[in-house]
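Here are a few friendly notes to read alongside the model. Please keep the viewer open as you go.

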Amino acid sequence: MSVFASLAMFFFLVKGKSIADKIAFLILIVFIFLLSSKNIIIVDLIMIIMYYSFFSAVSRKTKRKILLSVIILSISSVLFIKPVRDRFMIEFETIFVDGSLNKTTKENQGPIYNISLKQAWTQNQFQQNDFFPGAAFRLFQIRIFKEMLEEENIFFTGFGLDASQNKIKEKVKEHNLYPNYGEFNFHNEYIQIFSELGIFGFLIVVGMLFITIRKGILNKDFIHIAFSVTMIVLFTTESFLSRQRGIIFFIIFYSMLSIMSSSKETETEKSLNKNKF
């Protein structure tokens with residue numbers, strides 16, 4: 001939902017000229033913050049700053065005011081919107097502190113301890129009451145994929161489409177994690193593709209992303225660039241193409257933007273040829 005709202009927000013940011021468009025833009029920003037997806041919030045903030053810095057035609061004074069408003073809104077949301085604040089704080093804390101007490105524990109539960117990034121990467125055995133925040137769990141997933149590469153002959157072929165889940169369950173059991181963690185996929189599209197289709201599948205996905213962001217940059221198309229950057233970043237934290245709606249979203253917008261980009265390139269070539277004559 002955050003990705004859908006994010007792309008719509010970029011559309012109203014670039015194309016929106018009327019008051020209704022600007023209201024829609026603000027509503028979508030609030031919606032994105034309430035959805036509390038950390039990586040989408042950070043990417044959107046960076047892309048909005050980039051748009052007003054390099055693509056917008058408004059005056060410098062207006063740019064400064066808008067950028068200041070965006071920064072104040074972002075800081076305020078982290079400080080005052082509880083779901084956003086809690087998600088950022090738990091990730092920040094686990095960068096520095098090993099085994100900190102999880103403060104969201106209910107009264108009828110025993111103590112639950114947050115696993116730090118260091119523990120996720122180095123610790124061999126865990127306890128059933130250990131909790132992996134988002135970043136720590138994703139790092140652990142990278143670690144077990146590294147172990148799979150060392151133990152299994154999957155570099156060229158992978159395990160097969162959707163066949164890596166049983167291997168994840170085995171690794172979760174091997175490291176004594178709470179069993180439900182075995183139900184999660186890699187939450188990283190690059191690793192997911194590599195583990196299931198091997199190096200060639202991985203290179204195809206990386207190549208597709210490189211082509212789309214290159215086209216966006218060459219045509220100076222901000223929406224195309226924003227889509228490409230969002231996908232590149234999102235693929236590091238989500239197995240986006242492991243869900244039907246993720247595949248449909250990616251393929252439809254990838255194809256549409258590529259066609260539009262090719263049309264722009266053709267028009268540019270025609271205009272250059274006319275100028276020559």
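How do α7 and α9 run relative to each other, roughly parallel or roughly antiparallel?

1. They are roughly parallel, a term for angles under 35 degrees, with over 145 counting as roughly antiparallel. The axes of α7 (residues 134-151) and α9 (residues 189-218) come within 11 Å and cross at roughly 20 degrees. Axes here are lines fitted to C-alpha atoms over the stretch in contact.

2. A word on the source: this is a predicted model, where local features need pLDDT of at least 70, side-chain atom pairs count only at pLDDT 80 or more, and totals for chains, interfaces and linings use all residues. Residues are numbered from 1 along each chain, and side-chain values use heavy atoms, without hydrogens and water.

3. Where α7 meets α9, Ile 142, Phe 145 and Leu 149 face Ile 191, Phe 194 and Ser 195 (contact: heavy atoms within 4.5 Å). By class, this contact has 5 nonpolar, 1 polar and no charged residues.

4. Phe 156 and Phe 200 form a tilted ring pair, because their centres are 6.1 Å apart and their planes at 35 degrees (pairs need centres within 6.5 Å; under 30 degrees is stacked, over 60 edge-to-face, the rest tilted). Phe 156 is in the loop between α7 and α8, Phe 200 in α9, so the pair links parts 44 residues apart in sequence. Phe 156 is exposed at 53% relative accessible area, and Phe 200 is exposed at 52% (buried is under 20%, exposed over 50%, partly exposed in between, with a 1.4 Å probe and protein chains only).

5. Tyr 190 and Phe 235 make an edge-to-face pair, 6.0 Å centre to centre with 70 degrees between the planes. Tyr 190 is buried at 16% relative accessibility, and Phe 235 is buried at 0%.

Definitions and conventions: Axes fitted to C-alpha atoms, helices over the stretch in contact; angles between N-to-C directions. Helix = DSSP H or I, 4+ residues; strand = E, 2+ residues; numbered from the N terminus. Parallel < 35°, antiparallel > 145°, perpendicular 65-115°, else oblique. Nonpolar A, V, L, I, M, F, W, Y, C, P; charged D, E, K, R; others polar.
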